[in-house]
Amino acid sequence: MLAMNHYNLSGPPGALDPLSNLSQWDTEMVEMESLAHQGNLTSDNPTSGGPIAAALSMTLGVISNIVALFILANAYSHQRRRSKATFLLFASSLVLTDFFGHIIPGALVLRLYLFGGVSPEAAAASSNGSTDPMCQFLGGSMVFFGLCPLFLGCAMAAERCLGVTQPLLHSSLVTSTRTKLSLSGIWLVALCVALLPCFQLGSYTYQHPNSWCFIKVLANDTQEADVAFVMLFSGLGLTSLGVALVCNTISGLTLVLARLRRRPSSCSSSHSHRSVAKSHDIEMVVQLVGIMVTSCICWSPLLIFGLMSVMRSYRGSIDKADMATYETLNLMGVRLASWNQILDPWVYILLRRAVLRKIYLITKRQADFKGSVLRRWEGNSFQSKSSENNPVNRI
């Protein structure tokens, strides 16, 4: 409006000509659109607020994982039950993996943020097959540290399901040596998947806004190997979440049914021993449910969006508008997935038996307090009514 008033009131006499005024208005609109376009490009720049947010997220993740590791190490050193010790070993490995998965890719992404990302030419070169060592390492790290927590959560859920439903079979099969071998196998499988692009089975490229690297999901030259790589990654992740969901559901239902069927035992010592064992099982299953819910919320969007993007890209059915939409969805997905490594430690910090017991006691105390106040209020009200109906009190 100020520009229009400037041209209409203070312009030269020739500006009152409709054609001249229209020409100047068009020129002004073109300049405004150019400035707006430059502003949008600037707002998409990864350096705008990126380093601060990345540094804060990295600091929060490091502190959370260190606190959870200290709690798990202390619990493992004082644990004598083999089933609980196995669970704590899995949990410690998960938190340790989350710790390094937060440090290594986070440091590389923070470096890219500080340097303003890579140039569009370098990003296009990596998309066309040019080898960028840093992009390859960052993409491989994200795949490795993304699959490991999903695999570990699935293994923990399966181990607890076996321990709850078949305790005798669990005690004979699950040992400390086999647990450590299982952990090594999980890390090895995730590493093999992450190294597939080194054998020309898929590729890693810079992703929008050229500040992180991941599997090639959006490109004009998407190959069958890229589709297979994304399907393998997403399929393994979604399968792990599905198996964990089934195992945790079975474990939870088994514990609920055992709670309902429990009868008072004549032997108090055996009854207390079973109660302690059940409380440990409930604590572990509650923590597994927390891990599963966190993983589903954080990882499902990236796994699903990546699969949708590579399928449409391979079919060639993505135009420019759809390309921008899928780039935004994948960026939101990876940001949400990065929170899994921050939230996982808080599952162990907040869902421990000691914390749950305190929450239960506080809730029970509040409920008892409200109940006593209500009973006192009702008693006083009944007493006042009875005194009003008594003719002696009225006199």
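Select helix α6 (residues 133–165) and helix α9 (residues 224–261), which pack at an angle of about 25° with their axes 8 Å apart. The two helices are therefore roughly parallel to each other (an angle under 35 degrees between N-to-C directions). By class, their contact has 17 nonpolar, seven polar and one charged residues.

This is a predicted model, in which local features need pLDDT of at least 70 and side-chain atom pairs count only at pLDDT 80 or more, while totals for chains, interfaces and linings use all residues. Residues are numbered from 1 along each chain as its sequence is written, and side-chain values use heavy atoms, with hydrogens and water left out.

Next, select strand β1 (residues 204–207) and strand β2 (residues 212–215), which pair in the antiparallel sense over four bridges (pairing requires at least two DSSP bridges). Four residues lie between the strands of this hairpin, and Asn210 in the turn has a positive phi of about 60°. Thr205 stands opposite Phe214 in β2.

From Phe214, proceed to Phe233 in helix α9. Their ring centres are 5.6 Å apart and their planes at 80°, so the pair is edge-to-face (ring centres within 6.5 Å, planes over 60 degrees apart). Both Phe214 and Phe233 are buried (under 20% relative accessible area, 1.4 Å probe, protein chains only).

Ring pairs link Trp212, Phe214, Phe233 and Trp299 into a cluster.

Finally, select helix α12 (residues 340–350): eight of its 11 residues are buried, so the helix is largely enclosed by the rest of the structure. Among the buried residues are Ile342, Val347 and Tyr348.

Terms used: Buried means under 20% relative accessible area, exposed over 50%, partly exposed in between (1.4 Å probe, protein chains only). Axes are lines fitted to C-alpha atoms, for helices over the stretch in contact, and angles run from 0 to 180 degrees between N-to-C directions. Angles under 35 degrees count as roughly parallel, over 145 as roughly antiparallel, 65 to 115 as roughly perpendicular and the rest as oblique. Ala, Val, Leu, Ile, Met, Phe, Trp, Tyr, Cys and Pro count as nonpolar, Asp, Glu, Lys and Arg as charged, and the others, Gly among them, as polar. Rings of Phe, Tyr and Trp (its six-membered ring) pair if their centres lie within 6.5 Å; planes under 30 degrees apart count as stacked, over 60 as edge-to-face and the rest as tilted.
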